[in-house]
Amino acid sequence: MDEKKFLKKFNIKITKARTAILEILENSTEALDAEEIHTVCSEKGVDLDFSTVYRTLDLFEGRGIVEKFDLGNSKYSYV
């Protein structure tokens, strides 16, 4: 998938962080939490704060791009 075109389709501003997070979620075969996404971003050389990961995931959830699952204890996973 072309992440940039996908984000444009949902009228979301294109940033390096958003395209990286979208690519990670797209290529994952299982649900991931924000910490796992942050770790993969770091491994790929994309430097971002946890707050950026959380804000992006909230944005994606609000637009219906990802689903958020409550794991309890204020932990969530995304698919």
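Predicted model: local features only at pLDDT ≥ 70, side-chain atom pairs only at ≥ 80, totals over all residues.
Student: How many salt bridges does a search of the whole structure find?

Tutor: A salt bridge here needs a Lys or Arg side-chain nitrogen within 4 Å of a carboxyl oxygen of Asp or Glu. The search finds three of them.

Student: Which residue forms a salt bridge with Lys-44, and how far apart are the closest N and O atoms?

Tutor: The partner is Glu-23, and the closest N and O atoms are 3.2 Å apart. Lys-44 sits in the loop between helix H3 (34–43) and helix H4 (50–62), while Glu-23 belongs to helix H2 (residues 16–27), so the bridge ties together parts that are 21 residues apart in sequence.

Student: Where do these two fall between buried and exposed?

Tutor: Under 20% relative accessible area counts as buried and over 50% as exposed, with partly exposed in between. Lys-44, at 45%, is partly exposed. Glu-23 has a relative accessible area of 29% and is partly exposed.

Student: What does Lys-75 pair with?

Tutor: Lys-75 forms a salt bridge with Asp-33, with 4.0 Å between the closest N and O atoms. This pair links distant parts of the chain: Lys-75 is in strand E3 (residues 75–78) and Asp-33 in strand E1 (residues 32–33), 42 residues apart.

Student: Is Asp-33 buried or exposed?

Tutor: Asp-33 is buried, because its relative accessible area is 16% and the cut-off for buried is under 20%.

Student: Which residue forms a salt bridge with Lys-68?

Tutor: That residue is Asp-58, and the closest N and O atoms are 3.9 Å apart. Lys-68 lies in strand E2 (residues 68–72) and Asp-58 in helix H4, so this bridge ties a strand to a helix across 10 residues of sequence. As for accessibility, Lys-68 is partly exposed, with a relative accessible area of 30%. Asp-58 counts as partly exposed at 41%.

Student: Turning from charges to nonpolar side chains, which residues form a patch on the surface?

Tutor: A patch takes residues with over 30% relative accessible area and no salt bridge, and joins nonpolar side chains within 5 Å. In this model Phe-69, Leu-71 and Val-79 form a nonpolar surface patch, with about 280 Å² of accessible area together.

Student: Where is Leu-71 found, and is Leu-71 buried or exposed?

Tutor: Leu-71 is in strand E2. Its relative accessible area is 54%, so Leu-71 counts as exposed.

Definitions and conventions. Residues numbered from 1 in each chain as written. Heavy atoms only, no water. Helix = DSSP H or I, 4+ residues; strand = E, 2+ residues; numbered from the N terminus. Buried < 20%, exposed > 50% of the residue type's maximum accessible area, 1.4 Å probe, protein only. Patch = residues over 30% accessible without salt bridge, like charges linked within 9 Å, V, L, I, M, F, W, Y side chains within 5 Å. Areas by Shrake-Rupley, 256 points an atom, 1.4 Å probe, with all protein chains shown as cover.
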